[in-house]
Amino acid sequence: PLNGRNFVNLTRTVPGVLRGIPGANIDGAGSLAWRASASFSANGQRTRDNNFMLDGVDNNETWLQTVVIFPSVDALDEFKLQTSTYSAEFGRSLGGVVNLQIKSGTNAFRGSGFEFHRNDAFDANNFFNNKNNRPKPEFKQNQFGGTLGGPIFKDKTFFFGNYQGHRESQGQTFLSTVPTTKMRGGDFSELTRVIYDPATGQPFPGNVIPSGRIDSVARNILTQLYPEPNTAGTIGAGGQNINNYLINPIKERQDNQFDLKGDHNLTSSNRFFVRYSFQKTHRLQPATLQHGDAGATFGAGDGNIKGQSLAFNDTQMLSSSWLNEFRFGWSSIKFLMTPIDYGTNPAQAVGLPGINLNQVTSAMTQLGFQNIRNLGANSNQPLITNQNDFQIFDSLTRSTGRHTMKFGGSLTLRSRE
């Protein structure tokens with residue numbers, strides 16, 4: 001079995017193919033393409049130059065260079081990877097061409113079911129949890145589903161369908177530095193660095209800022225948005241208590257996907273099929289701080305990716321020497337990623353004006369510091385992008401004697417908003 005049940009792993013069984021660079025966002029393997037990696041390099045070509053096809057129609061996501069649909073491996077009838085000397089109809093790419101074929105029904109009813117379970121039973125605890133007497137974070141992952149195919153009308157019409165679900169709950173270990181109890185009250189006496197009064201240019205006596213000199217907004221940020229230390233931490237070179245806040249939030253993920261396919265024999269020389277695929281993935285990614293850490297945890301917040309694909313194929317034997325194949329495809333993929341505290345106005349609540357103006361500018365603005373964990377939402381969210389592609393393809397094949405000639409054309413229309 002494939003760990004993660006990702007068909008892209010099969011590409012590495014072909015000579016000349018290597019795994020892509022982990023974390024490369026525009027090569028299908030980055031933190032924005034978190035469903036699964038679609039990255040591989042064929043014969044030294046860039047990973048973004050690959051071409052993915054599903055039932056002969058376009059399956060490429062062109063922003064992150066991933067795919068629209070990751071079909072369940074139990075639904076695949078054929079996996080084919082071409083890395084060189086492929087025909088002109090696959091000429092849009094320099095890298096590998098991956099063509100997947102979804103199963104079709106037959107005259108016999110056939111089905112399958114599966115369940116893959118992983119947990120933390122044999123996992124070791126994290127070093128920082130052990131150091132602070134914290135229990136091992138939980139980890140549970142279930143991938144389950146099944147397939148079913150068979151006849152609707154014997155020798156004439158057939159169906160095939162499959163479903164796959166993914167449920168994941170994984171505890172994270174985040175260690176941060178937050179202001180100590182003394183610092184929250186203006187007492188920086190534990191630091192070796194001198195704190196100066198901006199009004200006089202002289203050091204504050206004892207490195208303590210008088211309570212009346214602390215800005216109300218700063219006080220609100222400390223009391224409402226920054227947590228208090230919950231571990232002993234360690235003393236840094238400047239006397240500051242660091243690594244004093246440890247949490248184990250849960251990252252959650254839910255996937256649901258299915259494929260439906262119908263085949264029909266119009267005549268002995270004309271057959272067509274229609275296939276529809278749907279995949280929706282939801283992830284809740286926590287950050288190192290409850291109100292965000294200004295991007296230290298990339299993608300923190302609520303993430304949703306929805307992919308859809310439709311394919312129609314008609315193959316007709318015009319005569320003993322002429323074959324025509326027509327294909328139509330449509331695919332759509334939508335990304336909706338929102339930051340922690342999206343839809344709320346924490347900046348306005350602490351007294352920062354002119355920030356939370358509407359839904360798009362909700363959540364906490366970023367605050368950067370030198371020696372403590374930064375605060376606020378990720379700078380690249382909310383992220384909303386929709387891609388819609390249409391493809392028309394037709395080819396005519398002529399076989400005569402020892403020669404076969406094939407010619408045709410394709411038109412792909414892409415849009416993104």
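Two strands are said to pair if DSSP finds at least two bridges between them. In this predicted model, β7 and β8 pair in the antiparallel sense over six bridges. Leucine 81 stands opposite valine 98 in β8.

**The sheet**

Strands β7 and β8 belong to an open sheet of four strands, with the order β4-β3-β8-β7 and mixed pairing. Its edges are β4 (57-58) and β7, each of which pairs on one side only.

In soluble globular proteins, nonpolar side chains tend to be buried together. The largest nonpolar core here has 28 residues, and Val98 is among those that touch the most other members, as are Phe7, Val8, Phe40, Phe52, Phe335 and Met337.

Which residues does phenylalanine 7 touch, not counting residues up to four places away in sequence? Its contacts include Leu2, Phe52, Val67, Ile69, Phe70, Pro71, Leu76, Val98 and Leu100. A second, separate core has 16 residues, including Phe174, Leu222, Tyr226 and Tyr245.

**Helix α3**

Leu222 also lies in helix α3 (residues 216-224), where Val217, Ile221 and Leu222 are buried. Seen down the axis of α3, the buried residues fall within an arc of 135°, so they line one face of the helix. Among the elements that cover them are α2 (181-184) and α4 (346-350). At the start of α3, a side-chain oxygen of aspartate 215 comes within 2.8 Å of the backbone nitrogen of valine 217.

Key: Residues numbered from 1 in each chain as written. Predicted model: local features only at pLDDT ≥ 70, side-chain atom pairs only at ≥ 80, totals over all residues. Heavy atoms only, no water. Core = buried A, V, L, I, M, F, W, Y, C linked by side-chain atoms within 4.5 Å. Buried < 20%, exposed > 50% of the residue type's maximum accessible area, 1.4 Å probe, protein only. Contact = heavy atoms within 4.5 Å. Helix = DSSP H or I, 4+ residues; strand = E, 2+ residues; numbered from the N terminus. Arc of directions from axis to C-beta. Polar contact = N/O pair within 3.5 Å; in protein donor to acceptor, adjacent residues only side chain to side chain.
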